[in-house]
Amino acid sequence: MSEAQALFNPAFGAYLLASGINAAVKKTQSPLPWPSVFLILPLVLPADTRGSLPSKSTVTLMAWADGHPRLRAAFAERAAALTDYTRASLRTALRHRAVDVVSSGLICPRIPKPASTAPGEEVADCVKAATLVGRWLAVTDPTRAFTTLGVRP
């Protein structure tokens, strides 16, 4: 299996979504608004975007986006390209009860297993990025997040 096939496996996407949703819920003790889930994978999967993310969530999504205009300009196209993959990953997460839908959004009924933290391991890097993005989205209104990234909700 090629690296691209592994990264675009719906089970892997489901794991990343669950990691992001879990981090969001943990931060605010409330569900992640469901539209926000469509921002996780486009911020996490492209290596250039993932590599530009800060190591701590003290930098806001808006501050990060302002500091990376080239990535922000490409984001809408990437988000559109990953919409079907995000849907497939979300369906997989729901089917396997890694994510649940509640009246006000999405929750993670069980904590996702941590990824190996071996240096340079791309899976661990993606999970770390999904966790950061989940914390960002927990405290950012979905409409504002979409607008900041140049995507129409």
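Modeller: Let us begin with a pair of helices: H3 passes H7 in a right-handed crossing, where right-handed means that the near helix is turned clockwise from the far one by less than a right angle, and left-handed that it is turned anticlockwise. Helices here (H or I, at least four residues) and strands (E, at least two) are DSSP runs, numbered from the N terminus. Please keep in mind that this is a predicted model, in which local features need pLDDT of at least 70 and side-chain atom pairs count only at pLDDT 80 or more, while totals for chains, interfaces and linings use all residues. Residues are numbered from 1 along each chain as its sequence is written, and side-chain values use heavy atoms, with hydrogens and water left out.

Biologist: At what angle do the axes of H3 and H7 cross, and within what distance do they come?

Modeller: Two packed helices are described by the angle between their axes and the distance between the axes. Here the axes of helix H3 (residues 37-44) and H7 cross at roughly 115° and come within 9 Å; the axes are lines fitted to C-alpha atoms, for helices over the stretch in contact, and angles run from 0 to 180 degrees between N-to-C directions.

Biologist: Which residues of H3 and H7 meet?

Modeller: From H3 come Val37, Phe38 and Leu41, and they meet Thr83, Tyr85, Thr86, Arg87, Ser89 and Leu90 in H7, contact meaning heavy atoms within 4.5 Å. By class, this contact has five nonpolar, three polar and one charged residues, where Ala, Val, Leu, Ile, Met, Phe, Trp, Tyr, Cys and Pro count as nonpolar, Asp, Glu, Lys and Arg as charged, and the others, Gly among them, as polar.

Biologist: Is Ser89 buried or exposed?

Modeller: Ser89, which has its place in helix H7, counts as buried at 0% relative accessibility; buried means under 20% relative accessible area, exposed over 50%, and partly exposed in between (1.4 Å probe, protein chains only). Leaving aside residues up to four places away in sequence, Ser89 touches Pro10, Gly13, Ala14, Leu17 and Leu41.

Biologist: How many salt bridges does the count come to?

Modeller: Side chains of opposite charge can pair when their charged atoms come close. With a salt bridge taken as a side-chain nitrogen of Lys or Arg within 4 Å of a carboxyl oxygen of Asp or Glu, the count comes to six. One of them joins the side chains of Arg78 and Asp48 at 2.9 Å, N to O. Arg78 lies in helix H6 (residues 69-81) and Asp48 in helix H4 (residues 47-52), so this pair ties together parts that are 30 residues apart in sequence. Arg78 is partly exposed, with a relative accessible area of 22%, and Asp48 is partly exposed as well, at 30%. A network of salt bridges links Asp48, Arg70 and Arg78.

Biologist: Where do Arg87 and Asp84 lie, and how many residues apart are they?

Modeller: An α-helix has 3.6 residues a turn, so residues three or four places apart point the same way. Arg87 and Asp84 both lie in helix H7 (residues 83-95), three residues apart, about one turn of the helix, and their salt bridge has its closest N and O atoms 3.3 Å apart. Asp84 is exposed, with a relative accessible area of 56%, whereas Arg87 is partly exposed at 42%.

Biologist: Which residue forms a salt bridge with Asp100?

Modeller: That residue is Arg97, and the closest N and O atoms of the pair are 2.8 Å apart. Asp100 counts as buried at 15% relative accessibility, while Arg97 is partly exposed at 47%.

Biologist: What should I notice about the phi of Arg97?

Modeller: Most residues other than glycine have a negative phi, and most peptide bonds are trans. Arg97, although it is not a glycine, has a positive phi of about 60°, and it lies in the loop between H7 and strand E1 (100-102). Gln29 likewise has a positive phi of about 60° without being a glycine; Gln29 lies in the loop between helix H2 (10-28) and H3, and counts as exposed at 65% relative accessibility.
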